[in-house]
Protein chains: 2
Amino acid sequence: MMNSLEEMGKKAVMAKYRLQVLTAEEKNQALLQAAQGLQADREAILAANGLDMQAGRENGMHAGLLDRLKLDESRINGMAEGLRQVAELPDPTGRVLDSRERPNGLRLKKVSVPLGVIGIIYESRPNVTADAFALCFKAGNGVILKGGSDAIRSNMAIAASIRGSLEKAGVPKEALQLIEATDRETATAFMKCKDYIDVLIPRGSAGLIRAAVENSTIPIIETGTGNCHIYIDESADLEEAVRIVINAKTQRIGVCNACESLVIHEKAAGDFLPALQKGLEQVHMVEIRGDAQVCRILPDAVSATESDYGREYLDYMLSAVTVGSTEEAIAHINRYSTHHSDAILTRDPEMAEKFTREVDSACVYVNASTRFTDGFEFGFGAEIGISTQKLHARGPMGLSELTTYKYIIEGNGQIR
Amino acid sequence: MMNSLEEMGKKAVMAKYRLQVLTAEEKNQALLQAAQGLQADREAILAANGLDMQAGRENGMHAGLLDRLKLDESRINGMAEGLRQVAELPDPTGRVLDSRERPNGLRLKKVSVPLGVIGIIYESRPNVTADAFALCFKAGNGVILKGGSDAIRSNMAIAASIRGSLEKAGVPKEALQLIEATDRETATAFMKCKDYIDVLIPRGSAGLIRAAVENSTIPIIETGTGNCHIYIDESADLEEAVRIVINAKTQRIGVCNACESLVIHEKAAGDFLPALQKGLEQVHMVEIRGDAQVCRILPDAVSATESDYGREYLDYMLSAVTVGSTEEAIAHINRYSTHHSDAILTRDPEMAEKFTREVDSACVYVNASTRFTDGFEFGFGAEIGISTQKLHARGPMGLSELTTYKYIIEGNGQIR
């Protein structure tokens with residue numbers, strides 16, 4: 001396997017030098033060709049997906065996962081439409097980010113350029129194969145993908161289709177390579193291909209991301225884990241707070257920007273919690289795990305343990321803690337948050353300002369649902385993931401976050 | 001040792017929340033206090049440094065290294081002056097990098113904020129203790145430093161002085177912590193303190209940086225290794241080329257932006273190489289290791305092996321290869337360069353444009369010495385290191401590169 005990874009790495013490096021000089025027009029044409037190709041190849045893709053689905057059912061795969069795995073004509077059209085939308089976006093490379101002339105006459109320009117070769121490890125959904133390729137490619141990067149074993153046949157069919165289209169469009173098909181092996185050893189070896197890969201983005205479970213943190217010698221961008229908090233301040237509009245919390249908790253439970261934990265000012269708890277419970281009854285049952293005061297107010301609440309406060313439930317569950325001040329709320333959140341998205345609900349501008357300044361998270365909200373942490377909602381037109389680390393990119397990552405920069409320095413004989 | 005690292009980590013995290021809310025004025029006052037403190041404590045610092053020097057001499061330390069280790073009154077004044085200069089620089093935090101209003105009324109602001117806690121591992125020179133602290137602190141970060149064993153007494157004295165000044169200035173002295181153990185096991189354990197440290201910057205030998213790449217679970221910024229090339233194009237002004245190469249090779253041999261390798265258009269080689277040799281004779285003997293054509297033109301040249309092209313000599317040595325075109329030159333450089341700084345010398349704007357677009361390095365020069373890759377030369381007013389990776393920061397890193405950003409999103413009840 002190592003040999004094959006090395007071979008793929010070498011091909012990717014050769015391709016990256018060709019990719020970085022493609023014009024926006026050439027890249028867009030290739031994306032449109034790939035979109036058309038996916039639709040033309042739908043029978044082969046659906047057949048491959050059928051085999052994945054059959055294997056999934058035989059292995060007793062959960063209905064929710066089967067649904068994520070499933071492709072049909074409308075989902076293939078959706079993938080193609082995604083490629084066309086990426087073609088519409090402005091090219092993130094070649095932008096002059098800064099320019100200055102030095103006293104010695106040297107002229108400096110800081111210009112955005114592709115990262116080079118991006119590795120992406122992901123799980124389940126086969127549409128990521130097309131989406132991730134499109135974003136990396138639009139930013140001038142080669143990409144090596146490693147998807148999950150459940151979707152391997154679907155992924156191979158999608159990749160084969162796109163590579164065929166790239167060739168037709170006259171750009172290197174090595175812009176997209178898919179690792180066919182799905183074992184863990186290959187994943188670990190992939191994380192060490194530092195000679196060929198510039199950046200690794202693991203997308204998926206907390207376990208996958210931990211494995212990348214521990215094993216990767218390639219710089220990584222950590223994505224996804226979200227233990228998101230909403231703090232209901234003393235001065236919050238409680239009716240609005242109920243609406244926001246219900247939305248952030250229940251609108252989609254399996255996503256990283258869903259609310260997992262409430263922090264409630266003790267003076268608001270008595271009115272807010274029963275109102276919340278009443279509101280939830282009309283939407284969906286949610287198990288609340290709270291501290292002593294929460295349990296006194298809500299007889300149905302379960303007593304929370306320490307580990308509840310740090311958990312990303314991804315389920316109809318919510319931890320809840322009461323605090324005596326915004327300061328205490330901030331300390332609790334900075335301690336337990338995964339630094340993804342946290343919100344304050346308040347009518348006091350001073351508290352809002354304190355909270356947004358002191359909470360150390362990628363996205364800090366005032367009076368809105370945490371569910372808006374998303375590249376499309378932020379207006380980036382795309383999203384490759386949500387970074388929970390501080391280097392390079394933080395929060396939703398769009399096309400710009402798939403670029404780096406170089407300095408171009410022009411002189412006329414300057415020496416030191 | 002692990003316990004003590006963990007304890008330091010916890011203190012740093014507590015401090016970082018206090019540091020991130022300091023005003024620019026509070027930070028500057030503390031820096032000025034620290035500058036004054038270093039001068040007031042000069043006797044203690046010089047005494048500690050005297051013990052390091054004595055140990056160095058007893059261990060047979062090389063004269064060059066002894067000189068780097070040595071402190072005297074003027075070098076202490078230099079450190080203090082460095083802190084004062086950092087106080088003068090603009091605060092890199094709190095800048096609004098982007099702001100937008102979404103159709104649903106959400107107002108987004110992208111604001112620069114401190115990274116948090118920065119770990120720095122460095123070797124030899126004790127002045128780095130003061131410099132690295134000052135830059136991290138000015139950007140609102142806590143810092144945990146691990147210096148080399150040779151300078152441990154000097155580093156401890158400098159750190160004690162600065163921490164005393166921080167306390168006097170009323171800011172947390174945990175903004176600066178120095179690891180006193182100097183063994184390798186502690187360094188490795190330090191690289192795994194991911195729960196407390198946001199970013200790790202190794203500064204020093206290629207071996208140190210490799211160890212960090214392999215062992216660190218903390219995101220790192222790779223710095224420093226520079227196998228810098230100068231390509232002498234067919235149309236180069238040969239007289240200017242001789243001056244530039246001599247400067248880039250000999251002005252300071254031990255630095256990462258020194259030239260280590262020449263790439264010469266075969267049509268320029270016959271005139272350029274003898275002129276270069278003549279020029280070098282007047283400055284310093286340099287051993288040239290070249291390909292067959294270089295050796296034919298310069299009888300004193302040594303035959304280069306494959307490994308020469310990838311070497312960072314940090315010495316009066318230079319590899320040299322001839323090529324038939326700018327294309328070939330670019331391919332050679334992209335293969336062997338450490339992607340730090342590479343230059344083309346040419347009078348042909350088309351070749352200059354091709355070279356700057358296609359060479360995949362942090363700094364790409366036209367008609368100037370590679371020696372300008374430096375935060376001060378770039379006008380950043382400071383430098384914490386030179387990044388040779390593509391994530392986060394590339395090339396010289398000043399204060400801005402010691403920050404990240406957060407999104408602040410203000411709404412009035414928006415839900416999805």
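In which sense do β13(A) and strand β16 of chain B pair, and over how many bridges? They pair in the parallel sense, over five bridges. Strands count as paired if DSSP finds at least two bridges between them. The strands themselves are DSSP runs (E, at least two residues), as helices are (H or I, at least four residues), numbered from the N terminus.

Before moving on, note that this is a predicted model: local features need pLDDT of at least 70, side-chain atom pairs count only at pLDDT 80 or more, and totals for chains, interfaces and linings use all residues. Residues are numbered from 1 along each chain as its sequence is written, chains are lettered from A and ligands numbered from 1 in the order in which they are written, and side-chain values use heavy atoms, with hydrogens and water left out.

**Stop 1: the strand pair across the chains**

Select V364(A). Opposite V364(A) stands I408(B), in β16(B). β16(B) covers residues 403–414.

**Stop 2: the whole sheet**

Now show the open sheet of 10 strands. Its order is β1(A)-β2(A)-β16(A)-β13(B)-β12(B)-β7(B)-β8(B)-β11(B)-β9(B)-β10(B), with mixed pairing. Color the edge strands: β1 (96–101) of chain A and β10 (302–303) of chain B, each pairing on one side only.

Zoom in on β12(B), residues 341–345. β12(B) and β13(B) pair in the parallel sense over four bridges. Pick D342(B): V364(B) of β13(B) stands opposite.

Stay on β13(B), residues 363–368, and select N367(B). Its phi is near 55°, a positive value in a residue other than glycine.

**Stop 3**

Go to L314(B), in the loop between α13 (306–309) and β11 (317–323) of chain B. Here phi is near 50°, again a positive value in a residue other than glycine. Is L314(B) buried or partly exposed? L314(B) counts as partly exposed, because its relative accessibility is 36%.

**Stop 4: the interface**

Display both chains. Each side of the contact (heavy atoms within 4.5 Å) is listed here: 75 residues from chain A and 75 residues from chain B. The area buried between them is about 6,200 Å², and carbon and sulfur atoms give 52% of it. Buried area is the accessible area (1.4 Å probe) that two parts lose on being put together, summed over both.

Select K390(A), L391(A) and R416(A). These supply 14% of the area that chain A buries against chain B, more than any other three residues.

Keep R416(A). Its side chain meets that of E377(B) in a salt bridge of 3.4 Å, N to O. The term needs a side-chain nitrogen of Lys or Arg within 4 Å of a carboxyl oxygen of Asp or Glu. Between chain A and chain B the count is eight salt bridges.

Next, select β16(A). It gives the largest share of the side of chain A that touches chain B, 11 residues.

**Stop 5: inside chain A**

Finish at T322(A), in strand β11 (residues 317–323) of chain A. T322(A) is buried, with a relative accessible area of 13%. Show its neighbors: T322(A) touches I264(A), A269(A), D291(A), Q293(A) and V294(A), not counting residues up to four places away in sequence.

Technical notes. Buried < 20%, exposed > 50% of the residue type's maximum accessible area, 1.4 Å probe, protein only.
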